[in-house]
Amino acid sequence: MKKSIFKVGLFLAATVLVSCNEKKPAEAVSEFPDWAWTDFQRPEGINPIISPNATTRFYCPLTKDSVGWESNDTFNPAATIYDGKVVVLYRAEDKSGEGIGGRTSRLGYAWSDDGLNFQRKSTPVFYPDNDSQKELEWPGGCEDPRVVMTEDGMYVMLYTQWNRQQARLAVATTRDLQKWEKYGPAFAKAYNGRFKDDFSKSASIVTKIVDGKQVIAKIDGKYWMYWGEKFVNVATSEDLVNWTPMLTESGDFLKVIVPRPGKFDSSLTECGPPAVMTDKGILLLYNGKNADGAEGDTLYTANSYCAGQVLFDLQDPTKVIGQLDKPFYIPEADFEKSGQYPAGTVFIEGLVFHNEKWYLYYGCADSRVAVAVYDPAKGKK
């Protein structure tokens with residue numbers, strides 16, 4: 001009898017141990033500080049929300065031919081609200097070349113009433129054309145957008161111009177998200193054009209919530225944005241078109257966030273969607289790439305992209321007051337760990353406030369688009 005009780009005890013202990021080890025990161029919300037938004041949930045049966053479509057065609061003004069503009073991959077989306085609907089502007093690649101960066105990228109348009117189920121336009125709304133930016137956008141295209149809105153309804157988009165030689169962060173504006181005005185590189189005029197032709201990408205303009213709407217914010221009379229791929233820098237602007245990167249006393253970029261050896265972001269720290277002003281500080285969600293070998297975090301796959309968060313001071317946007325040591329969102333679904341980037345990628349770029357919830361849109365392994373939802377009211381309970 002005693003032997004049987006002993007066996008039952010061992011079984012129960014083992015069961016408890018296994019259940020603890022199998023605990024999902026999403027359940028461990030208490031591991032994160034109270035300023036972080038960590039309980040993003042994948043809606044059941046929804047993802048991926050956008051996938052490649054081989055049937056849609058577009059007459060390219062540069063090749064003067066019809067192309068399957070979104071036939072190969074659809075990923076890395078921006079997101080905003082227009083006319084009460086969620087609009088996602090997603091990067092779409094054709095089959096004109098091979099490998100990441102070897103094809104032509106254009107931006108597609110998808111819209112949704114609930115932020116989960118989307119309809120799509122059959123042609124892109126932003127692409128390389130016979131315009132003033134052709135030299136910087138052809139043949140690689142227009143990549144990885146982030147879009148935000150002013151209080152009077154003007155949309156500002158920061159995106160990557162890629163001519164297959166150099167990546168440049170560029171600016172475009174619109175009132176309807178379909179007819180755009182291109183302004184070219186964001187840093188073209190700063191410091192007498194010193195950084196116009198330097199590698200730059202991934203910009204997150206600081207926003208705030210006004211009357212339930214997410215709009216571009218001003219701090220000390222200026223617009224602010226975080227930007228960068230290998231590291232995170234800060235830039236300011238007075239007109240949302242011409243941006244000035246912050247520099248150190250020695251004239252180098254002021255790096256407010258850098259890769260951390262042994263962490264999930266040990267290879268690079270790349271800006272995600274627009275930053276948001278909260279009562280705790282300025283919250284920036286970013287993409288961390290894990291290094292391989294001894295430099296990386298062994299808890300996560302080498303070279304995988306996971307999502308992190310950092311909090312900046314409201315009065316001094318360059319001052320870090322908190323940063324997560326663990327990612328709040330990691331590749332889990334099969335389509336997040338296959339496609340163009342099999343190491344695993346949840347590349348966050350779009351964030352919108354809709355129906356009192358936050359909708360996070362991200363690229364999956366550089367091949368699909370998915371969404372996760374955070375309910376602030378639920379998170380405070």
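## Positive phi in loops

At 52% relative accessibility, N355 counts as exposed, where exposed means over 50% relative accessible area, buried under 20%, and partly exposed in between, for a 1.4 Å probe and protein chains only. N355 is found in the loop between β22 (346-354) and β23 (357-364), and its phi is positive, near 55°, although N355 is a residue other than glycine. Helices (H or I, at least four residues) and strands (E, at least two) are DSSP runs, numbered from the N terminus.

N303, likewise not a glycine, has a positive phi of about 70°; it lies in the loop between β19 (282-289) and β20 (305-312) and is partly exposed, with 27% relative accessibility. Most residues other than glycine have a negative phi, and most peptide bonds are trans.

## Basis of the model

The model is predicted, so that local features need pLDDT of at least 70 and side-chain atom pairs count only at pLDDT 80 or more, while totals for chains, interfaces and linings use all residues. Residues are numbered from 1 along each chain as its sequence is written, and side-chain values use heavy atoms, with hydrogens and water left out.

## Cis peptide bonds

The bond from N47 to P48 is cis, with omega near -10°, and P48 sits in the loop between α1 (2-21) and β1 (58-60). W138 and P139 are also joined by a cis peptide bond, with omega about 10°; P139 is in the loop between α2 (134-137) and β7 (141-149).

## The surroundings of E270

E270, in strand β17 (residues 268-271), is buried at a relative accessible area of 2%. Leaving aside residues up to four places away in sequence, E270 touches K201, S202, G228, E229, Y286, N287, Y305 and F347, contact meaning heavy atoms within 4.5 Å. E270 and N287 are 17 residues apart in sequence and 5.0 Å apart in space, C-alpha to C-alpha.
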